[in-house]
Amino acid sequence: MSPTDILMTAPMMPIATEALDKAFTIHRLWEQPDQEAYLREVGPRIRGVATSTLYGRTDAKLLDHLPNAEIISSVGVGYDNVDAAEAARRGIVVTNTPGVLDDEVADLTIGLLLATLRKIPQADRYLREGRWPEAPFPLSATLRNRKVGIVGLGRIGKAIARRLSGFDVSLAYHGRTQQDDVAFTYYPTAVGLAEACDVLIVITPGGASTRHLINAEVLRALGPNGVLINVARGSVVDEQALIEALKSGTILSAGLDVYEDEPQVPQELIDLEHVVLLPHIASASVHTRNAMGKLAADNLIAWFQGKGPLTPVPETPYSGRVT
């Protein structure tokens, strides 16, 4: 029996690629000069898809070429790069890679928060530019006596909260529903949370339901001493409203790891000295990206061994159907 055909839409970590190459026949879509023609040729043979946010959306347009696809394995805890509702309609299971990146993202979030408040990158530039002998670096804001609101208290949100508990700050949260086992104050709206806090950390899933959840009204509620940290998805924040809020002093500053049109970042943001901008690196350590890639590969391997998916997303719960 010939190996199962898998479509890989973008490069993956070597640990994942090697495992998939051993188990399957891999078709590397990004290497094809005419992807439409290639998909017409190999598409009917494809039974699984390995994808990531590097590719773009795995949606109806791509799936139309893959009539026999059974599973889409996406690298990342967020999976708004996959049209999970469309996959469910077609009977295709979607998996992501939760759990293995929680600590890494939480660590980076704390680093980004401190860097934004204490202006660590700006201080580094100040020294490198030889300006220290001229005058001390200006005093910064602080984390002391702040109330931190977490927008999205899932696994990563809780990991962030655990770390913040060591900083003696007050914590609150907003999410779709109040969690009975959480002691922090719950706010049913993002505006309400912003009014009560002066730091907002955004770690909610992306997608249509959270698009521009952080808008001009929320930013006004956060106030002139407020700091926004976004390690979720760029779509969750109204980027133009944020730019205007930063320019006008509606909020104090922002630390961003994600953007609405990655990898394009508005020049207006880049030109602002009082923000910290990172190139979507929250989970980007070798250790964690290896773990994510391995889990993505393991989902495909488990499925085609008849064991079912390891981490199916809620839109495509495992029903017991295996090949």
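**Exercise 1. Describe how strand β3 is covered and which strands pair with it.**

Six of the seven residues of β3 (residues 46-52) are buried, meaning under 20% relative accessible area with a 1.4 Å probe and protein chains only, while exposed is over 50% and partly exposed lies in between. Strands here are DSSP runs of E with at least two residues, and helices are runs of H or I with at least four, numbered from the N terminus.

A word on the model: it is predicted, so local features need pLDDT of at least 70 and side-chain atom pairs pLDDT 80 or more, whereas totals for chains, interfaces and linings use all residues. Residues are numbered from 1 along each chain as its sequence is written, and side-chain values use heavy atoms, without hydrogens and water.

Next, the partners. Pairing requires at least two DSSP bridges. Strand β1 (residues 5-8) runs parallel to β3 with four bridges, and β4 (residues 71-75) is parallel to β3 with five. A50 shows both: M8 stands opposite A50, and S73 is the bridge partner of A50 in β4.

**Exercise 2. Classify the ring pair Y126 and F137.**

Start with the rule: ring centres of Phe, Tyr or Trp (its six-membered ring) lie within 6.5 Å, and planes under 30 degrees apart are stacked, over 60 edge-to-face, the rest tilted. The whole structure holds four such pairs. For Y126 and F137, the centres are 5.2 Å apart and the planes at 75 degrees, so the pair is edge-to-face.

Now place the rings. Y126 sits in helix α6 (residues 120-128) and F137 in the loop between α6 and β6, so the pair ties together parts 11 residues apart in sequence. Finally, Y126 is buried at 9% relative accessibility, while F137 is partly exposed at 26%.
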